[in-house]
Amino acid sequence: MKGTLAQVRTYERSVRLLMVNQFTINLGFYMLMPYLAAHLSGTLGLAGWVVGLVLGVRNFSQQGMFLVGGTLADRFGYKPMIVAGCLLRTVGFATLGLVDSLTALIAASAATGLAGALFNPAVRAYLAADAGERRVEAFALFNVFYQAGILLGPLVGMVLTGVDFRVTCLVAAGIFALLSVVQIRALPTRRADDRKGEKGEAGRDRDGVLTQWRGILANRPFLLFSGAMIGSYVLSFQVYLALPLEVRRVGGDGELGTAAVAALFAVSGLATILGQTRVTAWCKARYEPGQALARGLAVMGVAFVPLLAATVVPVPGSGAGLWLTAAVPPMLAALLLAVGTMIAYPFEMDTIVRLSGDRLVATHYGLYNTICGVGITLGNLLTGAALDAAREAGMPALPWISLCLLGLAGAAALYGLHRTGRLSTPVDDPQPVTA
């Protein structure tokens, strides 16, 4: 960790602040969200469909508004959107802890989702702009801070929720309020066209919104890349869906299952915190970005081989054998998913900037997040259906084979894009010159 912190100090203040901001954002978010469903259904006594509605509104408002958030960041500047998102989440989290009416809960949930749509594209575009030629390394460090927040947040939330869920909400809101103040005072202002050298380029970035969106939708390499990367998000999300379900299917819902599920998140987070910068440096020295992306997706596909192999092993009835059978294959899968993500993520973020031609970067990030968010929703529906079908048909290997094939298909698609040069920086069309 000393080496990681030393590397962070080599970047300018804005980049360092963005990394700390992302850690704090995830800390505040994950100390509350894992316990929200239990609060809604238990403390407030809401029906299951109502709980699903409240949580679904948050996800929809975030995924559906990413493009708008990115567009606003490119048009009005990155800092205003980052601050606005944090202020909105302050209000949303405080409201979740203080109200019990359905209308207010839905409004608060929508606010927390919209907040993410405002600051996520802006943070990444800002980081890419100020990291310059060191974007890949900067995004590797960014992922370390990102995962550290995810790892620590639920632990803090568990302690606070043990007192009262309202305390958790108010502390999380206080974190975002403090973060807003720090960013207003310390984060330098950054506009999308600050680094443009020619008036023509800056002018193009100030075109009408619909013109900008049409231009991005005409960027075929970017859209192909976005589609190819959907699989990576579907696979990585299985740490929250298929792997915990498999742990509880084998180990039950008691203390054994709870401990094994907690171990999944610990393995994934700690692996990233301890290994991300080393993995990125190793890959950058050996592979081109497209090659690293393809290898990362391949590793993520192979991550489900331990679960596939476990389907042919008899499940012990009790004792240490049951614990090992329930915990070890999912933990290996979580570890390999983390390794695959470590390989791909920094190059993924850098590729988006390159395919954007370094113009309207936040808008590109916003559309990319929306595409992948829709893919995650559809992928999770299909994964859930595969898990149900596997149980009913007595074919436990079915979902793991499907996920393996998804990873390998994504790797093949990315390698094809790399071989055909579609992951390279686009060349501007020549502009007419007055004689």
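Helices are DSSP runs (H or I, at least four residues), numbered from the N terminus. I noted that the crossing of helix 5 and helix 6 is left-handed, that is, the near helix is turned anticlockwise from the far one by less than a right angle. The residues of this contact divide into 20 nonpolar, six polar and one charged. Ala, Val, Leu, Ile, Met, Phe, Trp, Tyr, Cys and Pro count as nonpolar, Asp, Glu, Lys and Arg as charged, and the others, Gly among them, as polar.

I noted the basis of the entries: the model is predicted, local features need pLDDT of at least 70, side-chain atom pairs count only at pLDDT 80 or more, and totals for chains, interfaces and linings use all residues. Residues are numbered from 1 along each chain as its sequence is written, and side-chain values use heavy atoms, with hydrogens and water left out.

Next I looked up the cores. A nonpolar core is a set of buried Ala, Val, Leu, Ile, Met, Phe, Trp, Tyr and Cys residues joined through side-chain atoms within 4.5 Å. Buried means under 20% relative accessible area, exposed over 50%, partly exposed in between (1.4 Å probe, protein chains only). The largest nonpolar core has 83 residues, and L32, F93, F225 and Y365 have the most contacts inside it. Helix 6 gives the most to this core, with 12 residues. Beyond its neighbours within four places in sequence, L32 is in contact (heavy atoms within 4.5 Å) with F93, L96, F165, T168, C169 and A172. Another core, of 20 residues, lies apart from it and includes L235, V239, V261 and C404.

I then checked T71, which lies in helix 4 (residues 48–76). T71 counts as buried, at 5% relative accessibility. Not counting residues up to four places away in sequence, T71 touches V209, Q212, W213 and T363.

In helix 12 (residues 242–251), seven of the 10 residues are buried, so it is largely enclosed by the rest of the structure. G252 follows helix 12 and has a positive phi, near 90°.

My last entry is F265, in helix 13 (residues 255–286). F265 is partly exposed, with a relative accessible area of 33%. The C-alpha atoms of F265 and V239 are separated by 7.4 Å, and the two residues are 26 residues apart along the chain.

Key
Helix = DSSP H or I, 4+ residues; strand = E, 2+ residues; numbered from the N terminus.
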